Amino acid sequence: MAGSTRRGALHRMTAREVLTANDGDHTDGGGLMLRVRLDRKGARGHDIAGQVSWVFRFSAPTGERREMGLGVCERHNLQASGASLVAARLAAAKARAMLAEMASPRSHCRARLRTRGRAGVNPGGGSRACAD
């Protein structure tokens, strides 16, 4: 697809692509990535369970390149993959809005955690610092 190679293009992934993504980082555009780490052997030979999570990559107002975890990606069926993709896109849009106001999304989320004393709900159902 010609549109998927544009720099900065948003919403490149489909729910089916989220569901079937292999090991590695897969971009949805605008800094949103699906990070897939499949089952593998650890340093001492023991099994490490696979992890699939949403990550937002951005340049902080200081110019520093950063990553912020947006939570676990649920991929047990196509509907769950689609719902997780939509929720991650909303979370990334909020983070981009904060960056446009020259605020660091990570700092904002940490401050909210200190004042609330607990984490929010992530796109996949686990905990996430900046859900709403």
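These legends accompany several close-up views of one predicted model. In this prediction, local features need pLDDT of at least 70 and side-chain atom pairs count only at pLDDT 80 or more, while totals for chains, interfaces and linings use all residues. Residues are numbered from 1 along each chain as its sequence is written, and side-chain values use heavy atoms, with hydrogens and water left out.

**View A. Four strands form an open, antiparallel sheet in the order β1-β2-β5-β6.** Strands (E, at least two residues) and helices (H or I, at least four) are DSSP runs, numbered from the N terminus. Two strands pair if DSSP finds at least two bridges between them. The edges are β1 and β6 (65-72), each of which pairs on one side only. Neighbouring strands of this sheet are turned by 30° against each other on average, direction ignored; axes here are lines fitted to C-alpha atoms, for helices over the stretch in contact, and angles run from 0 to 180 degrees between N-to-C directions.

**View B. Here β1 meets β2 in the antiparallel sense, over five bridges.** Look for His 26, whose bridge partner in β2 is Leu 34. Helix α2 packs on the sheet, touching β1, β2, β5 (51-59) and β6, and its direction makes about 20° with that of β5. Contact means heavy atoms within 4.5 Å.

**View C. Arg 35 and Asp 25 form a salt bridge, with their closest N and O atoms 2.9 Å apart.** Arg 35 lies in strand β2 (residues 32-37) and Asp 25 in strand β1 (residues 24-29), so the pair ties together parts that are 10 residues apart in sequence. A salt bridge is a side-chain nitrogen of Lys or Arg within 4 Å of a carboxyl oxygen of Asp or Glu, and by this rule the count comes to six. Asp 25 and Arg 35 also belong to a network of salt bridges with Arg 37, Arg 57 and Glu 67.

**View D. Asp 28 and Arg 89 join in a salt bridge at 2.8 Å, N to O.** Asp 28 sits in strand β1 and Arg 89 in helix α2 (residues 78-100), so this pair ties together parts that are 61 residues apart in sequence. Both residues, Asp 28 and Arg 89, are buried (under 20% relative accessible area; exposed is over 50%, partly exposed in between; 1.4 Å probe, protein chains only).

**View E. By the ring rule, the count comes to one aromatic pair.** The rings of Phe 56 and Phe 58 have centres 5.5 Å apart and planes at 15°, so they are stacked. Rings of Phe, Tyr and Trp (its six-membered ring) pair if their centres lie within 6.5 Å; planes under 30 degrees apart count as stacked, over 60 as edge-to-face and the rest as tilted. Both Phe 56 and Phe 58 are buried.
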